[in-house]
Amino acid sequence: MLKPPLKQYKISGYAQGTDYSITYFATDSAVTKSDIDNLLNKIDASMSLYKPGSLINQFNTGTEQLHADLYLSAVLKRSIEINQDTKGLFDVTVAPLVQAWGFGPKATDNEPSKTTISSIMQCIGMQHLSLKNDILYKSKPCIQIDLNGIAQGYSVDLLAKLIADRGIDSYLVELGGELRIAGPKPDGSPMKIGIEGPDQKDQPIIRHIAKINRGAITTSGNYRKFHQNGMKKLSHLIDPRTGFPLDNEMISVTVYASDAITADGYDNALMAMHLPEAMEFVNRRKALEAYFVYRKKDGSIADTLTVGFKKLIQN
């Protein structure tokens, strides 16, 4: 008996302050927009800083502990692992710094003073967090967390799981530029992904096309989201070691990994490194590949990539 042909289904919408787009191949519409939106609403109720009453906001305004749900627990466990692996470069306790520099939920125009940053730094560091039996503890009342550097990747993974659990094995999930892919397409061709980066004028362009049948790709960059201070651009990515916006040669880092929570967690940490250190870091980890766009000393923009990432690029 002939199997019915697979049809392409597309779902798009708005969530987590950005757009999402889902494409999958199936015999019928096994996943609907309401399925997607219901899941994203549950994730927001757990981890959105912009949703009053969310679990993360309850923790941030509380003084000691919180019973974390499935979503918050999973993201914090992975956050702790990546924090340790990056020696603190990835740190979810940067919430007060993100807010102070004007990138948080509350609007602010004033740039913080060195004294203000020094004071906030007393409340930074994941050593002040612990998670035991799904209870999240803070050792200082002032500790607040911001999961924007990893929660979107996790959301992508959950959307992919929802689709896969419906028996679909060919799909592409995209949320705010973070991607999870399963292929090939029904005709046997691989999924094609545009790898974005800035041109010489800092305008976003597709720099490469990757062919991928399995895994996740996420990008962290400072050329889209920043504040202008005179001639200087202040990155929305804050260095947890100094309390100040990142100021190195990195412009964007695209990471390939088996799942999006991993890629998303590491891309910010790699942005905080200098290029040789970042290349060495990725090359020592079999689970990661990366593509870097950076500014050379003469001001021009260049790019480079790991051997494994090069294999994903379409010639």
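Student: Where is D134 found?

Tutor: D134 is found in the loop between β4 (129-132) and β5 (135-138). Helices (H or I, at least four residues) and strands (E, at least two) are DSSP runs, numbered from the N terminus. This is a predicted model, where local features need pLDDT of at least 70 and side-chain atom pairs count only at pLDDT 80 or more, while totals for chains, interfaces and linings use all residues. Residues are numbered from 1 along each chain as its sequence is written, and side-chain values use heavy atoms, with hydrogens and water left out.

Student: Why is D134 called partly exposed?

Tutor: Set its value against the cut-offs. Buried means under 20% relative accessible area, exposed means over 50%, and partly exposed lies in between (1.4 Å probe, protein chains only). D134 has 31% relative accessibility, so D134 counts as partly exposed. Its phi is near 65°, a positive value in a residue other than glycine.

Student: What makes K87 exposed?

Tutor: K87 has 77% relative accessibility, so K87 counts as exposed. K87 sits in the loop between α3 and α4 (95-100). Its phi is positive too, near 55°, and K87 is not a glycine.

Student: And I36: buried or exposed?

Tutor: I36 is at 0% relative accessibility, so I36 counts as buried. Its place is in helix α1 (residues 33-47).

Student: Which residues does I36 touch, leaving aside those up to four places away in sequence?

Tutor: They are I11, Y20, I22, V31, L159 and L162. Contact means heavy atoms within 4.5 Å. Take I22: I36 and I22 are 14 residues apart in sequence, and their C-alpha atoms are 9.2 Å apart in space.

Student: What makes a group of residues a nonpolar core?

Tutor: The members are buried Ala, Val, Leu, Ile, Met, Phe, Trp, Tyr and Cys residues, joined through side-chain atoms within 4.5 Å. The largest core here has 74 residues. I22, Y24, I36, M47, L147, L270 and F292 touch the most other members. Helix α6 gives the most to this core, with eight residues. A second, separate core of 18 residues includes L179, I195, A210 and F309. In soluble globular proteins, nonpolar side chains tend to be buried together.

Student: How do you know that β1 and β2 pair?

Tutor: Two strands pair if DSSP finds at least two bridges between them. β1 and β2 have nine bridges, in the antiparallel sense. A15 has T18 of β2 as its bridge partner. The two strands form a hairpin with two residues between them, and Q16 takes a positive phi near 55°.

Student: Which other strands pair over bridges like this?

Tutor: β14 and β15 run antiparallel and are joined by five bridges. Y294 stands opposite A302 in β15. Their hairpin has five residues between the strands, and G299 in the turn has a positive phi of about 95°. β10 (residues 214-221) and β13 (residues 250-257) also pair in the antiparallel sense, over six bridges. A216 stands opposite A257 in β13.

Student: What is the order of the strands in the open sheet?

Tutor: Eight strands form the sheet, in the order β1-β2-β6-β7-β10-β13-β14-β15, with antiparallel pairing. What makes β1 (7-15) and β15 (301-305) edge strands is that each pairs on one side only. The twist averages 10° from one strand to the next.

Student: Why is α3 called oblique to α7?

Tutor: First, the angle. Axes are lines fitted to C-alpha atoms, for helices over the stretch in contact, and angles run from 0 to 180 degrees between N-to-C directions. Helix α3 (residues 70-85) and α7 pack at about 45°, with their axes 10 Å apart. That makes α3 oblique to α7. The cut-offs: under 35 degrees is roughly parallel, over 145 roughly antiparallel, 65 to 115 roughly perpendicular, and the rest oblique. The contact is made by A74, V75, R78, I82 and D85 of α3 and I261, T262, G265 and Y266 of α7.

Student: Which peptide bond is cis?

Tutor: The bond joining G183 and P184 is cis, with omega about 5°. P184 lies in the loop between β7 and β8 (191-198).
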